[in-house]
Amino acid sequence: MLAPQCSAQALAQITVSLTDAGADRLDDAALEALRIAIPAARGLPLLRAIALRQDQRVVLDYLDGTRLAVAITLC
């Protein structure tokens, strides 16, 4: 579970804010093509960050001209 606060059930704590920073891109060309083409795949950089199990900050495309900064802190 991802949650705003750490708990016994939470994998990580997340903090989300709007940003003007550029969206994170994926190194794998096929996954990057999916990220660009399919709106639901915009979250792939977040899933990658969670899978790496490290404190990270990722920037995701959200709406036209708007991006989300997601800070991930492991619990």
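**Salt bridges and a buried arginine**

Tutor: In this predicted model, E32 is buried, with a relative accessible area of 10%.

Student: Which residue does E32 form a salt bridge with, the closest N and O atoms being 3.2 Å apart?

Tutor: That partner is R25, and R25 counts as exposed because its relative accessibility is 55%, whereas E32 is buried at 10%.

Student: And what about R35, which residue does its side chain meet at 2.7 Å, N to O?

Tutor: The side chain of R35 meets that of E32 in a salt bridge at that N to O distance of 2.7 Å. Both residues lie in helix 1, which covers residues 29–37, and they are three residues apart, about one turn of the helix.

Student: Are R35 and E32 buried or exposed?

Tutor: Both of them are buried, and for R35 the relative accessibility is 3%.

Student: Where does D61 come in, and what does it meet in a salt bridge?

Tutor: The side chain of D61 forms a salt bridge with R35, at 2.9 Å from N to O. This pair links distant parts of the chain, with D61 in strand 3 and R35 in helix 1, 26 residues apart.

Student: How many salt bridges does the count come to, and which residues are linked in a network?

Tutor: The count comes to three, and the network of salt bridges links R25, E32, R35 and D61.

Student: Switching to R67, where is it found, and how far away is the nearest side chain of opposite charge?

Tutor: R67 is found in strand 4, and the nearest side chain of opposite charge is that of D61, 4.7 Å away. Because a salt bridge needs the nitrogen and the carboxyl oxygen within 4 Å, R67 has no salt bridge, although it is buried.

Student: Then which backbone oxygen lies 2.4 Å from a polar atom of the R67 side chain?

Tutor: It is the backbone oxygen of A21. Leaving aside neighbours within four places in sequence, R67 is in contact with a number of residues, including S17, L18, T19, D20, A21, V59, D61 and Y62.

Student: Last topic: which residues make the nonpolar surface patch?

Tutor: The patch is made by L18, Y62 and L63, and its area is about 340 Å². Of these, L18 and Y62 are also among the contacts of R67, while L63 is found in the loop between strand 3 (56–61) and strand 4 (67–74).

Student: Why does L63 count as exposed?

Tutor: L63 counts as exposed because its relative accessibility is 54%, and exposed means over 50%.

Note on methods. Residues are numbered from 1 along each chain as its sequence is written. This is a predicted model: local features need pLDDT of at least 70, side-chain atom pairs count only at pLDDT 80 or more; totals for chains, interfaces and linings use all residues. Side-chain values use heavy atoms; hydrogens and water are left out. Patches are made of residues with over 30% relative accessible area and no salt bridge: like charges are joined within 9 Å, nonpolar side chains (Val, Leu, Ile, Met, Phe, Trp, Tyr) within 5 Å. Accessible areas come from the Shrake-Rupley method with a 1.4 Å probe; for residues, only the protein chains shown count as cover. Helices (H or I, at least four residues) and strands (E, at least two) are DSSP runs, numbered from the N terminus. Buried means under 20% relative accessible area, exposed over 50%, partly exposed in between (1.4 Å probe, protein chains only). Lys and Arg count as positive and Asp and Glu as negative; His and the chain ends are not counted. A polar contact is a pair of N or O atoms within 3.5 Å; within protein, one must be able to donate a hydrogen and the other to accept it, and residues adjacent in sequence count only if both atoms are side-chain atoms. Contact means heavy atoms within 4.5 Å.
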